[in-house]
Amino acid sequence: MISEQEIESVVRGFEACQTSADEFKHKDHLVVAVWYVHNLGREAALNRMREGLLRFIAHHQVDPKKYSEDVTRFWIECIAEQLDELGTVSIVDKCNAVLAADDADKKRGLIC
């Protein structure tokens, strides 16, 4: 289970490029995406995630080819759909539900 403080820490670390590229895992991408969709809405979340990932990649001198617009759009859309299904619940509940669903999908060999 992730707490509100942990969510905020992940988002801050990503946005400020304080989290190393090696430490920023798939789970962290999902947490940031949930926070963005929850707080900004689908389109603004996509824009903010794109800008953030490109800044993060440049800051950490990662090959820019690692960024995929299609993958970013896919995950924002997937998360937005999951959050729509959850309805009006806290950001903590949303993050934990998305992370749990992702873990379950990985175990079944599914995506989203």
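The axes of helix H2 (residues 26-40) and helix H4 (residues 69-86) come within 10 Å of each other and cross at roughly 60°, where axes are lines fitted to C-alpha atoms, for helices over the stretch in contact, and angles run from 0 to 180 degrees between N-to-C directions. H2 and H4 are therefore oblique to each other, given that angles under 35 degrees count as roughly parallel, over 145 as roughly antiparallel, 65 to 115 as roughly perpendicular and the rest as oblique. The crossing of H2 and H4 is right-handed. On the H2 side, His26, Leu30, Ala33, Val34, Val37 and His38 make the contact (heavy atoms within 4.5 Å), and on the H4 side Trp75, Ile76, Ile79, Ala80 and Leu83 do so. The residues of this contact comprise 9 nonpolar, 2 polar and no charged. The structure is a predicted model, in which local features need pLDDT of at least 70 and side-chain atom pairs count only at pLDDT 80 or more, whereas totals for chains, interfaces and linings use all residues. Residues are numbered from 1 along each chain as its sequence is written, and side-chain values use heavy atoms, with hydrogens and water left out.

H2 also packs against H3, at an angle of about 140° and with the axes 7 Å apart, which makes H2 oblique to H3. The crossing of H2 and H3 is right-handed. Here His29, Val32, Ala33, Tyr36, Val37 and Leu40 of H2 meet Arg42, Ala44, Ala45, Arg48, Met49 and Leu53 of H3, and the residues of the contact divide into 9 nonpolar, 1 polar and 2 charged.

The largest pocket has a volume of about 460 Å³. Among the 19 residues that line this pocket, Phe24, His29, Leu53, Ile57 and Lys66 are the closest to its centre. H2, H3 (42-59) and H4 each supply at least two residues of the lining, with H4 giving the most, 5 residues. By class, the lining of the largest pocket consists of 14 nonpolar, 4 polar and 1 charged residues.

Conventions. Helix = DSSP H or I, 4+ residues; strand = E, 2+ residues; numbered from the N terminus. Left-handed = near helix turned anticlockwise from the far one by under 90°. Nonpolar A, V, L, I, M, F, W, Y, C, P; charged D, E, K, R; others polar. 1 Å grid on protein atoms, 1.4 Å probe; cavity = no way out; pocket = protein on both sides within 12 Å on 5 of 7 lines; lining within 4 Å. Points joined across faces, edges and corners; volume = space filled by probe spheres on them.
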